Protein chains: 2
Amino acid sequence: MLALEKALRDTAREVEGVLDKILAEESGHEARLFESMRYATLGGGKRFRPFLVAQSAALFSVSRSAALRAAAAVELVHCYSLVHDDLPAMDDDDLRRGQPTVHKEFDEATAILAGDALLTMAFEVLADRRTHENGDVRAELVGALAKASGAHGMVGGQMLDLAAETIELDMGGITRLQRLKTGALIAFSCEAGAILGRASAEPREALRGYAHDLGLTFQIADDLLDVEGTMEETGKAVGKDAAAGKATFVSILGVERAREQAKLLAKQAVQHLANFDQSADPLRAAASFVVERRS
Amino acid sequence: MLALEKALRDTAREVEGVLDKILAEESGHEARLFESMRYATLGGGKRFRPFLVAQSAALFSVSRSAALRAAAAVELVHCYSLVHDDLPAMDDDDLRRGQPTVHKEFDEATAILAGDALLTMAFEVLADRRTHENGDVRAELVGALAKASGAHGMVGGQMLDLAAETIELDMGGITRLQRLKTGALIAFSCEAGAILGRASAEPREALRGYAHDLGLTFQIADDLLDVEGTMEETGKAVGKDAAAGKATFVSILGVERAREQAKLLAKQAVQHLANFDQSADPLRAAASFVVERRS
């Protein structure tokens, strides 16, 4: 567990450096846009998705610098989604990682534009030759990230999540919501390494299975935190799903069964990695980490 | 002029068909997202940017289907930007192309998500093999569109535009605002054909010069319409810049000099095309069209 925490911290530090360069400060009247983009992106977060990119890339001997650029792109998409999700017209959150959300610190218009610019920049980063010398690889990364983040992925999941305030979702509905809203980007994070490393079908399939189970584990743990966590631990408001009357894994399964389910899925995730050697150990450890996280 | 109008209409019809397929309707709880994306994109607009893509592609014998996919991607970005610009926190517009804006017809959250999904889809379309068989070309299209639409392009321009409500821009400031807010995407539209056709540096440079002058012409004409047009002609509210106390080309130059300037720039735009044969005639005609447009 200590080794994993070190690996997480190392990746977080490295990807922070890459993001800091990508989001170089600007002067002039649009400086505020860059400030808000930096505010939304730098200095916080576990960088769990970048970690998955870096670790999946390591399985295929991808250069660290290429992996970190793809990792930065995923994090840009993740951060944009948080900025837009926090908007008053969406989840209307005032706090994120213990700090005022972007529309609170700046204003709503700036938050909308910052999100738009972060999303756009993710694709610019992937399309750049510094990410990979082969154009097919770059285009594949772009296509896969777009699929994972768009209407058939994360944005579709957010739409479902809004609908969940008025419709009653069953277990199948919640699983589908999760697969789109958080699962798709987690799956891309694991796939990115395979794309960069031009991996064959078999390890790709294994990683896909791992990512699928990991994503579900992650969401159940998130739902548990929303019930059991404190604002001090999570850095954001808790108990929001119950207050909004939204069905979650925990509201349907109950705390105990949800926790059991998360443990089972984490074990199952690890089983998909059976054909990888010890280079996949950090990914194996990540599955336990996700079950046990407190923030 | 009649030939140009026919060419515009033809491209509009063809790109509508491509967009209609790309935005295939979905069922289920996120159907509303696809409905709003279709509402924002289909059935309206001059499709001027798609026309520029199609015509610049024709200069380099690019297949019509490839050109139309790139054209659709540009239009997706253009439509997303309108959806977000119309939001209450931004320009707060109720009408667009004579119809309720997306947040009026649906709701704010849906409008934010529809914009996000349209932007994401633009990159998915460009990264797809059906757009070009060569990965370097696809990645170059993605990178160029991202640059044109992001913080250093369109979104940066929108940020400047918001700032323009409180700061006094001079001629240089307004020119810069325009170059970012509308010029960058118009420039990409002309560049896309050259990228698809793997054109050499010289014709690319010529097209860049053309696009630069055309973009400025376009914006001055837009400012003139905001002063002289009617809501019936333009399908949107007019007189908004003056009401907001925003400096425009017209507020600085006056109507007469602004019109002269637009004509001069349109002529200058055409001069950049001197080394192209008659296949560039529609682009030449487009410059005059832009000066004379009433909507």
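Here are some notes on this two-chain model, which is predicted.

1. **Chain A as a whole.** Start with the overall build. Chain A contains 15 helices and two strands. Its C-alpha trace spans about 55 × 50 × 35 Å along the principal axes. For 295 residues, a compact globule would have a radius of gyration near 19 Å, and chain A comes out at 18 Å, which agrees.

2. **Inside chain A.** Of the 295 residues in chain A, 55% are buried. Now look at its contacts between residues with a separation of 6 or more: 72% of them join residues 24 or more positions apart.

3. **How the two copies are related.** In general, two copies of a chain are related by a rotation about an axis and a shift along it.

4. **Where the chains meet.** The contact involves 43 residues of chain B and 43 residues of chain A. On chain B, the helices α2 (31-41), α6 (108-127), α7 (135-149) and α8 (154-163) each supply at least two residues to the side that touches chain A. Which of them gives the most? That is α6(B), with 12 residues. Sorted by class, this side of chain B has 24 nonpolar, 10 polar and nine charged residues. Also, 100% of the interface residues of chain B are interface residues in chain A too, so the copies meet through the same surface.

5. **A closer look at α6(B).** This helix has 20 residues, and from its first C-alpha to its last it reaches 29 Å, close to the 28 Å expected at 1.5 Å a residue. Is it enclosed or open? With 19 of its 20 residues buried, α6(B) is largely enclosed by the rest of the structure.

6. **The nonpolar core.** The largest nonpolar core has 206 residues, and A:Val142 and B:Val142 have the most contacts inside it. What does A:Val142 touch? Leaving out residues up to four places away in sequence, its partners in chain A are A:Phe123, A:Leu126 and A:Ala127, while those in chain B are B:Phe123, B:Ala127, B:Ala139 and B:Val142.

7. Most residues other than glycine have a negative phi. A:Arg97 is not a glycine, yet its phi is positive, at about 50°. You'll find A:Arg97 in the loop between β1 (95-96) and β2 (99-100) of chain A. It has 14 other C-beta atoms within 10 Å, so A:Arg97 is partly exposed. B:Ser61 isn't a glycine either, and has a positive phi of about 55°. This serine lies in the loop between α3 (48-58) and α4 (64-85) of chain B. With 9 other C-beta atoms within 10 Å, B:Ser61 counts as exposed, because the cut-off for that is 12 or fewer.

8. **One more arginine.** A:Arg38 sits in helix α2 (residues 31-41) of chain A. It is partly exposed, with 17 other C-beta atoms within 10 Å. A:Leu23 is 15 residues away from A:Arg38 along the chain, and their C-alpha atoms are separated by 6.4 Å.

Terms used:
Residues numbered from 1 in each chain as written. Chains lettered and ligands numbered in written order. Predicted model: local features only at pLDDT ≥ 70, side-chain atom pairs only at ≥ 80, totals over all residues. Contact = placed C-beta atoms within 7 Å. Helix = DSSP H or I, 4+ residues; strand = E, 2+ residues; numbered from the N terminus. Nonpolar A, V, L, I, M, F, W, Y, C, P; charged D, E, K, R; others polar. Expected span 1.5 Å × (residues − 1). Rg over C-alpha atoms; globule rule 2.2 N^0.38 Å. Core = buried A, V, L, I, M, F, W, Y, C linked by C-beta atoms within 7 Å.
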